[in-house]
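Here is a briefing on one protein model. Look over the sequence and the fold first, then read the points below.

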Amino acid sequence: MSDEEPPVPEEVLTSAKDQLNEEEISLADNEEILHALSELTPVYENDRSYFVLGNYDREPIRRLNLVIDRLNRRQDAYAFRMVDIRGEWDNSIQKFCLIGDIVTYLVGVAEKEPSDFLVEQGLLVGTTEFFAKSHVLKREYEDEEHPFGWMQDGVFELFEREGRLYRWQNEEELADVTEELP
């Protein structure tokens with residue numbers, strides 16, 4: 001087995017370079033980004049890839065990992081989180097956009113915790129390409145009618161209209177709705 005990194009397809013490099021504003025990053029930063037993207041070889045080797053977003057706090061990350069595990073059980077599929085891509089990134093939005101460009105699906109696991117994926121939700125609905133390949137797994141809370149607030153409720157309504165909002169209350173239901181993803 002060779003220690004060489006696998007080549008990154010040219011169209012991915014072109015898209016990555018287009019997404020970045022080269023005036024804002026150094027050549028060294030750009031090289032670091034391209035190196036990190038080379039770690040995503042499984043994205044290119046599988047028919048479907050899932051970039052899973054959500055809360056990285058102790059309990060919610062267990063649920064993110066449950067979603068990733070279920071998706072990775074599928075034949076010819078690869079699921080991962082943003083933290084699975086190494087490298088020191090000064091700009092997490094650039095990292096998100098680069099990864100979002102190359103994956104098949106973006107999957108958000110929404111819980112009401114404060115460190116949820118709020119910024120990314122804005123990017124999911126604000127970018128036609130990202131919105132078209134996004135799905136949201138929204139946690140429902142029995143005693144709360146609007147636990148997320150009006151801004152997030154608006155995001156959820158957009159996904160609901162497109163048939164890409166999946167509701168769950170417990171981990172068993174989360175595993176079930178994960179099976180409904182394409």
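Glu180 is exposed, because its relative accessibility is 52%; exposed means over 50% relative accessible area, buried under 20%, and partly exposed in between, with a 1.4 Å probe and protein chains only. Glu180 sits in the segment after α9. This is a predicted model: local features need pLDDT of at least 70, side-chain atom pairs count only at pLDDT 80 or more, and totals for chains, interfaces and linings use all residues. Residues are numbered from 1 along each chain as its sequence is written, and side-chain values use heavy atoms, with hydrogens and water left out.

**Glu180 and its contacts**

- Leaving out residues up to four places away in sequence, Glu180 touches Arg74 and Tyr166; contact means heavy atoms within 4.5 Å.
- Glu180 and Tyr166 are 14 residues apart along the chain, and their C-alpha atoms are separated by 8.4 Å.

**Overall make-up**

- The protein has 9 helices and 5 strands. Helices (H or I, at least four residues) and strands (E, at least two) are DSSP runs, numbered from the N terminus.
- From the N terminus, the order of elements is α-α-α-β-α-β-α-β-α-α-β-α-β-α.
- Of the 182 residues in the protein, 46% are buried.
- Take the contacts between residues at least 6 apart in sequence: 76% of them join residues at least 24 apart.

**Helix α4 against helix α9**

- Helix α4 covers residues 58-72 and helix α9 covers residues 171-179. Their axes come within 10 Å and cross at roughly 35 degrees.
- Axes here are lines fitted to C-alpha atoms, for helices over the stretch in contact, and angles run from 0 to 180 degrees between N-to-C directions.
- The crossing of α4 and α9 is right-handed: the near helix is turned clockwise from the far one by less than a right angle.
- From α4, the residues involved are Arg62, Arg63, Leu66, Val67, Arg70 and Leu71. They meet Glu171, Leu174, Ala175, Thr178 and Glu179 in α9.
- By class, this contact between α4 and α9 has 5 nonpolar, 1 polar and 5 charged residues. Ala, Val, Leu, Ile, Met, Phe, Trp, Tyr, Cys and Pro count as nonpolar, Asp, Glu, Lys and Arg as charged, and the others, Gly among them, as polar.

**Helix α6**

- Which residues of α6 are buried? In this helix (residues 118-126) they are Glu120, Gln121 and Leu124.
- Seen down the axis of α6, these buried residues fall within an arc of 105 degrees, so they line one face of the helix. The arc is that of the directions from the helix axis to the C-beta atoms.
- Val119 and Gly126 are exposed on the other side of α6.
- The buried residues of α6 pack against several elements, including β1 (48-53), α5 (92-102), β3 (105-110) and α7 (128-132). β4 (134-139) and α8 (150-161) are also among them.

**Helix α8**

- α8 has 12 residues and reaches 16 Å from its first C-alpha to its last. That is close to the 16 Å expected at 1.5 Å a residue, the expected span being 1.5 Å times one less than the number of residues.
- Gln152, Asp153, Val155, Phe156 and Phe159 are the buried residues of α8. They cover an arc of only 160 degrees around the axis, which puts them on the same side of α8.
- Trp150, Met151 and Arg161 are exposed, on the face of α8 turned away from its buried side.
- The cover over the buried residues of α8 includes β3, α6, α7, β4 and β5 (165-168).

- Arg81 lies in strand β2 (residues 77-81). Is Arg81 buried or exposed? Arg81 is buried, with a relative accessible area of 14%.
- Not counting residues up to four places away in sequence, Arg81 touches Phe51, Val52, Tyr56, Ile61, Asn65 and Ile68.
- Asp76 lies in the loop between α4 and β2 and is partly exposed, with a relative accessible area of 28%.
- Phi of Asp76 is near 60 degrees, a positive value in a residue other than glycine. Most residues other than glycine have a negative phi.

**Lys112**

- Lys112 lies in the loop between β3 and α6. Its relative accessible area is 35%, so Lys112 counts as partly exposed.
- Lys112 is in contact with Tyr141, Glu144, Pro147 and Phe148, leaving aside neighbours within four places in sequence.
- Lys112 and Tyr141 are 29 residues apart in sequence and 9.1 Å apart in space, C-alpha to C-alpha.
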